[in-house]
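Please look over the sequence and the structure before reading on.

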Amino acid sequence: QVQLVESGGGLVQTGGSLRLSCAASGSFFSIIGMGWYRQAPGKQRELVAGAEYADFARGRSTTTRDHAKNTVDLQMNSLQPEDTAVYYCAADALLDRAGSPVDYWGQGTQVTVSS
């Protein structure tokens, strides 16, 4: 089992920046990949940054993965009101060396960008 905990969300002004953090813990063999998604009210959950950046994130976002510590950060700059959403950390993990990847999600952290 994997637990993912996000932090770093909050209220920022238009044009500001935030750095979100995600830490994985629990009992697992290894984490194959980690990324970030977001969901705004009334909208479907969408990818922010994984193997590739979403179009809206490319050029103003950076992910930093620490494989040894099982963490991933998301730095987002030039934030706009449209970026307001709950941001979720996601991970694909192997629970044992002979298993298949299993998807896990954090509880999310709220990002609000004021106009």
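## A buried cysteine pair

The model shown here is predicted. Cys89 has a relative accessible area of 0%, so this residue is buried. Cys22 is buried too, with a relative accessible area of 1%.

A disulfide joins these two residues, Cys22 and Cys89, with an S to S distance of 2.0 Å. Cys22 belongs to strand β3 and Cys89 to strand β8, so the bond ties together parts that are 67 residues apart in sequence. The torsion about the S-S bond of Cys22 and Cys89 is about -75°, and the disulfide is therefore left-handed. The count of disulfides comes to 1.

## The nonpolar core

The largest nonpolar core has 26 residues, and those touching the most other members are Leu4, Met34, Trp36, Val48, Leu74 and Tyr87. At least two residues of this core come from each of β1 (2–7), β3 (18–26), β4 (30–39), β5 (46–49), β7 (71–76), β8 (85–94) and β10 (109–114). Strand β8 gives the most, with 5 residues.

What does Leu74 contact, leaving aside its neighbours within four places in sequence? Its partners include Leu18, Arg19 and Leu20, and also Ser61, Thr62 and Thr63. Trp36, Val48, Ala49 and Tyr87 are in contact with Leu74 as well.

Rolling a probe the size of a water molecule over the atoms shows where empty space is left. The structure holds 1 cavity of 30 Å³ or more, and the volume of the largest cavity is about 30 Å³.

Strands β3 and β7 each supply at least two of the lining residues.

## The largest pocket

The largest pocket has a volume of about 160 Å³. Its lining consists of Gly33, Met34, Gly35, Tyr37, Leu47, Gly50, Ala90, Ala91, Asp92, Asp103, Tyr104 and Trp105. Two or more of these residues come from each of β4, β8 and β9 (102–105), and the largest share, 4 residues, is from β4.

By residue type, the lining of the largest pocket divides into 7 nonpolar, 3 polar and 2 charged. Met34 is one of the lining residues of the pocket, and Met34 is also among the core residues that touch the most other members.

Definitions and conventions:
Residues are numbered from 1 along each chain as its sequence is written. This is a predicted model: local features need pLDDT of at least 70, side-chain atom pairs count only at pLDDT 80 or more; totals for chains, interfaces and linings use all residues. Side-chain values use heavy atoms; hydrogens and water are left out. A nonpolar core is a set of buried Ala, Val, Leu, Ile, Met, Phe, Trp, Tyr and Cys residues joined through side-chain atoms within 4.5 Å. Buried means under 20% relative accessible area, exposed over 50%, partly exposed in between (1.4 Å probe, protein chains only). Contact means heavy atoms within 4.5 Å. A disulfide is a pair of cysteine sulfur atoms within 2.5 Å. On a 1 Å grid over the protein atoms alone, a cavity is a set of points where a 1.4 Å probe fits but cannot get out, and a pocket is an open set with protein on both sides within 12 Å along at least five of seven lines; lining residues have an atom within 4 Å of a point. Grid points are joined across faces, edges and corners, and a volume is the space filled by probe spheres set on the points. Ala, Val, Leu, Ile, Met, Phe, Trp, Tyr, Cys and Pro count as nonpolar, Asp, Glu, Lys and Arg as charged, and the others, Gly among them, as polar.
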